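Welcome! Let's take a friendly walk through this model by way of a few questions and answers.

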Amino acid sequence: MNKIMVLFYFLGGVAVMKKKSWIKIALSFAVQCKWKILLSVICAIIGVFAGIVPYWCAYKIIELFVNGSISLNQIAYYCLAAVSGYAVRYLFHGISTTLSHLSAYNILENIRLSLARTFVKAPLGYVMGESVGKLKSIIVDRVETIELPLAHVIPECISNITLSISVFAYLTFIDWRMALAMLITVPIAGTSYMIMMKNFNSEYAKYMETSNYVNSVIVEYVEGIEVIKAFNQSTTSYNKFVNAIKTFRNSTLAWYKSVWKYMNFGNSVLPSTFLGVLPIGLILYVNGQISPQNLVICLILSLGVVGPMMNFTNYINEAKAIEYALHDVSNELETPVLSDSEKDIEIKDNTIELKNISFSYDGNLDNKVLSDIDCIFKKNEFTALVGPSGSGKSTIARLIARFWDTNEGSILIGGVDIRDISISKLNELISFVTQDTYLFNCSVKENIRLGNPDASDTEVFNAAKLACCDEFIKELESGYDTVVGNAGNKLSGGEKQRISIARMILKNSPIVILDEATAFTDPENESKLQQSLSALSKGKLLLVIAHRLSTIKNADKIIVLNNGKIENMGTHEELLQNCELYHDMWLSHIGAKNWSANSKRKEVL
Ligand code: ADP
């Protein structure tokens with residue numbers, strides 16, 4: 001760690017109280033652009049000191065008048081010096097803010113990318129468990145708030161503190177009583193700020209709570225607008241939306257009311273340094289204890305310190321927003337992520353082995369959704385998972401794709417525990433298509449190409465033909481270049497599914513998991529799709545979850561799940577003989593519910 005980093009960490013460490021200080025968090029982000037930020041602070045310091053030069057020049061001119069030795073040349077000289085002081089001030093202030101903004105926006109970019117990486121590496125359940133509104137608000141609004149400490153608070157506060165301390169030291173050197181007199185407004189304004197802070201925290205906490213809530217309700221409202229319209233939900237969802245907005249307005253006003261009186265009082269008193277220096281200075285002058293020149297410089301410098309002091313107060317109100325933003329972002333960045341192996345292990349074959357898997361979504365094994373699952377999906381075979389809704393089929397598929405880690409037991413691919421396979425390698429090994437197909441708001445071609453970014457247009461078109469979507473894509477307004485809209489909302493469920501199957505075909509991984517992937521496909525296309533899939537899955541391990549049992553009838557092995565446990569396994573014929581649950585599911589599938597238990601078995605076989 002170099003010296004600058006040590007300095008940043010030290011400053012942060014000094015600010016650490018009981019919990020992780022927001023100053024420490026801000027500095028830990030600032031370290032990423034430490035040189036630029038340091039240069040920005042130096043320029044800011046030069047800028048504020050240059051800002052004092054005009055005051056000093058005014059003093060010199062007054063001094064010359066008092067001494068009676070004023071000349072036009074001297075006036076011109078000090079006026080020029082004052083103008084130069086202003087120019088230097090604005091030049092260095094400009095350089096400082098440019099550097100601090102460049103650093104800040106680079107850091108914000110890094111934070112947003114880190115958040116995106118964290119969400120990808122976190123267990124899927126974590127991201128799915130958070131409201132979209134909250135995540136959007138953190139990635140967009142909270143991260144944006146961090147611009148304040150990085151681009152403004154660090155350079156401006158450091159330079160203003162330096163100036164205030166320097167002016168105070170200089171006044172102490174001239175006359176310590178005048179220096180203390182300059183500070184007379186600090187305890188008065190400080191008391192007002194302290195009273196304000198008494199309710200500030202609780203009111204601000206309420207404001208933040210309602211702000212998060214209103215964010216999530218707005219997202220829910222927009223996402224659910226179709227249902228709200230269809231069911232004329234004026235009394236439930238719409239009211240929820242209106243109430244959320246009203247509560248947000250009330251809590252914002254309550255917070256504002258609790259602070260504005262004290263804030264305004266403090267802000268008007270703090271810069272009124274004349275309240276102290278003028279009477280004290282005059283008393284000292286009348287008693288002959290201060291020279292007229294020193295009195296004038298004290299008055300002028302006390303005025304010069306007003307601007308920098310006021311810059312501080314601008315951040316008092318923002319301090320809580322900054323604190324919340326930094327804590328929220330830092331908490332999200334610290335989200336526990338799935339361990340990622342750095343070993344480059346060779347996976348010899350695509351056999352999947354589930355060894356004594358037990359799993360609960362909340363980590364509490366009293367709420368297990370899978371218990372003692374022990375089975376093998378042999379290499380290059382077609383295995384199907386069937387069972388009643390909620391029996392755990394999708395959970396098994398998600399665990400194999402490592403969207404979550406198992407609580408007990410292990411999953412092996414080619415004999416290697418999936419936790420020892422790097423996440424990117426595992427993603428290469430597995431293609432996972434679910435019924436909740438998500439398409440990005442780009443062209444159909446680009447959506448398919450996500451399966452293999454290096455694929456040529458011809459390869460994309462071939463994959464689309466195999467997935468039975470070439471025909472309908474060609475009929476779209478711009479064919480393969482048609483933009484599919486947000487989340488693919490310009491396409492039907494079946495069309496989206498076929499595009500995601502084309503994506504999977506293009507990916508060409510050795511393990512293919514289809515979780516109700518053809519559920520929305522019409523019967524005509526489904527049979528074509530089945531043929532394509534069985535042709536494509538040669539030499540691959542195919543794991544299919546399907547309600548329509550006819551689509552998995554030819555599987556090499558069918559595993560029947562019930563209540564999170566394996567009820568039975570075997571081929572279609574074996575299960576019809578041996579597994580009552582499968583047998584019943586099959587009968588209800590082919591619509592032969594009225595058959596008698598004995599006769600139906602014979603007929604079906
Ligand atoms: P299936 O695919 O057989 O319909 P699932 O694997 O989706 O069943 O679900 C198995 C059980 O896990 C169900 O009781 C379901 O409510 C529960 N479950 C599924 N997903 C989640 C989740 N993200 N968080 C908590 N519980 C879940």
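Q: Which residues lie nearest the centre of the largest pocket?
A: Keep in mind that this is a predicted model. The lining of the largest pocket counts 47 residues. Those that lie nearest its centre are Leu124, Phe403, Phe432, Thr434 and Asp436.

Q: How many residues in the lining of the largest pocket are charged?
A: Sorted by class, this lining has 23 nonpolar residues and 13 polar ones. The charged residues in the lining number eleven.

Q: Is Lys121 buried, partly exposed or exposed?
A: Lys121 sits in helix α4. Its relative accessibility is 35%. Buried means under 20% and exposed means over 50%, so with its 35% Lys121 counts as partly exposed.

Q: What distance separates the C-alpha atoms of Lys121 and Ile423?
A: Leaving aside residues up to four places away in sequence, Lys121 touches Val337, Leu338 and Asp340. Along the chain, Lys121 and Ile423 are 302 residues apart.

Q: Which strands are the edge strands of the open sheet of four strands?
A: The order in this open sheet is β2-β1-β4-β5, with antiparallel pairing. An edge strand here pairs on one side only, and that is the case for β2 (370-377) and β5 (416-417).

Q: Which residue in β5 is the bridge partner of Ile413?
A: Strand β4 covers residues 408-413 and runs antiparallel to β5. Two bridges join these strands. For Ile413, the bridge partner in β5 is Val416.

Q: At what angle to β1 does α15 run?
A: Helix α15 lies across β1 (352-359), β2 and β4. Relative to β1, α15 runs at about 120°.

Q: Which helices each supply at least two residues of the lining of the largest cavity?
A: The structure holds three cavities of 30 Å³ or more, and the largest has about 70 Å³ of space. Its lining includes Met504, Ile505, Leu533 and Leu536, and by class it has six nonpolar residues, three polar and one charged. The helices that each supply at least two lining residues are α20 (493-507) and α21 (523-536).

Definitions and conventions
Residues numbered from 1 in each chain as written. Predicted model: local features only at pLDDT ≥ 70, side-chain atom pairs only at ≥ 80, totals over all residues. Heavy atoms only, no water. 1 Å grid on protein atoms, 1.4 Å probe; cavity = no way out; pocket = protein on both sides within 12 Å on 5 of 7 lines; lining within 4 Å. Points joined across faces, edges and corners; volume = space filled by probe spheres on them. Nonpolar A, V, L, I, M, F, W, Y, C, P; charged D, E, K, R; others polar. Pairing = 2+ DSSP bridges. Contact = heavy atoms within 4.5 Å. Axes fitted to C-alpha atoms, helices over the stretch in contact; angles between N-to-C directions. Buried < 20%, exposed > 50% of the residue type's maximum accessible area, 1.4 Å probe, protein only.
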